[in-house]
Amino acid sequence: MSVTQVVLLLLIGYVVFTIDKKKKSLPIPVVLLVIGIGLSFVPYFSTVEVTEKMIYEIFLPGILFVSAYKYSAKAIKRHGAVLATLSTLGLMATALLLGLLTYMIGGWFGSISFLGAMVIASILTPTDPVSAVSVLEEAADEQIAEVVDGESMINDGTSIVLFTVLSGMYLSENSFQLTGFIGEFLYVSLGGVAVGIAFGWLCSKAVHITHHRDYQVMLSIIIAYGVFQTAEHIGFSGVLGTVAAGIMLSYEFEHMNREEHYREALSGFWNVVEPSLLALVFLLIGITATPYLTSANWSMAIIIFVASIVIRYLIVTSVLAIFHNHRSLDKNRQAFLVSWAGIRGTMSVFLILSLHAKSPDGSEELLSISFSVVVLSLIIQSLGVYPLSRKLEN
């Protein structure tokens, strides 16, 4: 991808953000996605190549860090048990149920193996509520937005472990070993969190070395991308490392006398970087997804999309029933809102591109189905967040 193409995509993003910023009924990611699909038919942009490395190492760390350092540490304390359960046991249960259903549905339209169905399910389990959280904060209970946002940050990391194991089994036809999976899951996840907490704590202390805002911003960039690369180099989860570092930084800020000073310094930079990254990501998703959408089995994709929402609703309802002390989150209508806001997005696209890189010719059906469901989720669920939140909360 050339510098000129990047600049033009940023210009398109600027125009969309400027025009559409206050229109909740038509979320910006949806507009960018549709424009990206249109750009795929423009010869100049047909040469744009998006790799899993680009999504994973350039876009994700920045996007995750912004969400994490803005996320209140008090929200972790309020919803910690719910977030941990939804992002681990809930995620695995969702993947298992969705995989079984996809395998059954696959028999109606063709022949998808059980492992292939499980890979599709693992791709569709991570959530990316970029277009949902801001709307939920205004139109619904703020605690619902906290649960949706917190879960998405954590399950991004756990979903990678699940996908890595299942895709490895699918491509190499190895048998599943529960003990090996649990051991790898704990090692990668807990290791990433530990590295992130250590980095976040050290950098929160280093921020006192200088009161110059520019240098504090430089330090935040080091945190966002440095912890990611460090954790990945060791063999831990870079995603969970970045999230843990951001939340740790937020926690330290909340215990500082000059919290507003530090947050204002970071926000002045990251509030520009975040929409820039998001504009590029969703435009690139549209450009990349188009070839797969034209060959997709849409009947199957629609059934899987509907099933994914139903299954997520059942899981969320069950988890909230267990932690019934969440008085503002124990109603079925609010559980449905949490479920609906679990939109598939950036992380799912990374997993799709990862599968394509590992098996460029042997996974076309899985790739087209997964991309189709992701696009349906981005468009339908994003458009439905605002009217649903208003209706269910009234």
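At what angle do H4 and H5 pack, and how far apart are their axes? In this predicted model, the angle between H4 and H5 is about 30°, and their axes are 3 Å apart.

## Helices H4 and H5

Angles under 35 degrees count as roughly parallel, and H4 and H5 are therefore roughly parallel to each other. On the H4 side, the residues that meet H5 are Thr85, Leu86 and Ser87. Their partners in H5 are Leu89, Gly90 and Leu91. Sorted by class, the contact of H4 with H5 has three nonpolar and three polar residues, with no charged residues.

## Helices H5 and H6

H5 covers residues 89–109 and H6 covers residues 114–124. The axes of these two helices come within 8 Å and cross at roughly 130°. H5 and H6 are therefore oblique to each other, and H5 passes H6 in a right-handed crossing.

H5 brings Ala95, Leu96, Leu98, Gly99, Leu100, Thr102 and Tyr103 to this contact. From H6 come Phe114, Ala117, Met118, Ile120, Ala121 and Leu124. The contact of H5 with H6 counts eleven nonpolar residues and two polar ones, and no charged residues.

## Helices H8 and H15

H8 packs with H15, which spans residues 346–358, at an angle of about 25°. The axes of H8 and H15 are 11 Å apart. That angle makes H8 roughly parallel to H15, and the crossing of the pair is right-handed.

The H8 residues in the contact are Asp156, Ser159, Ile160, Phe163, Ser167 and Leu171. H15 contributes Met347, Phe350, Leu351, Ser354, Leu355 and Lys358. By class, the contact of H8 with H15 has seven nonpolar, three polar and two charged residues.

## Cavities

How many cavities of 30 Å³ or more does the model have? The count comes to two. The largest cavity has a volume of about 90 Å³.

Its lining includes Leu86, Gly90 and Leu91, which also take part in the contact between H4 and H5. At least two lining residues come from each of H5, H8 (142–172) and H13 (298–322). By class, the lining of the largest cavity divides into four nonpolar, five polar and three charged residues.

## The second largest pocket

The second largest pocket has a volume of about 540 Å³. There are 24 residues that line this pocket, and the closest to its centre are Ala84, Ile154, Leu190, Val193 and Leu240. Two or more lining residues come from each of H4 (73–87), H5, H8, H9 (178–206) and H11 (238–254).

Which helix gives the most to the lining of the second largest pocket? H9 does, with eight residues. The lining of the second largest pocket has 19 nonpolar residues and five polar residues, and no charged residues. The lining of the largest cavity, by contrast, has three charged residues.

H5 meets H4 through Leu89, Gly90 and Leu91, and meets H6 through residues including Ala95 and Tyr103. H5 also supplies at least two residues of the lining of the largest cavity, and two or more to the lining of the second largest pocket.

H8 packs with H15, gives at least two residues to the lining of the largest cavity, and gives two or more to the lining of the second largest pocket.

Key. Residues numbered from 1 in each chain as written. Predicted model: local features only at pLDDT ≥ 70, side-chain atom pairs only at ≥ 80, totals over all residues. Heavy atoms only, no water. Axes fitted to C-alpha atoms, helices over the stretch in contact; angles between N-to-C directions. Helix = DSSP H or I, 4+ residues; strand = E, 2+ residues; numbered from the N terminus. Parallel < 35°, antiparallel > 145°, perpendicular 65-115°, else oblique. Left-handed = near helix turned anticlockwise from the far one by under 90°. Contact = heavy atoms within 4.5 Å. Nonpolar A, V, L, I, M, F, W, Y, C, P; charged D, E, K, R; others polar. 1 Å grid on protein atoms, 1.4 Å probe; cavity = no way out; pocket = protein on both sides within 12 Å on 5 of 7 lines; lining within 4 Å. Points joined across faces, edges and corners; volume = space filled by probe spheres on them.
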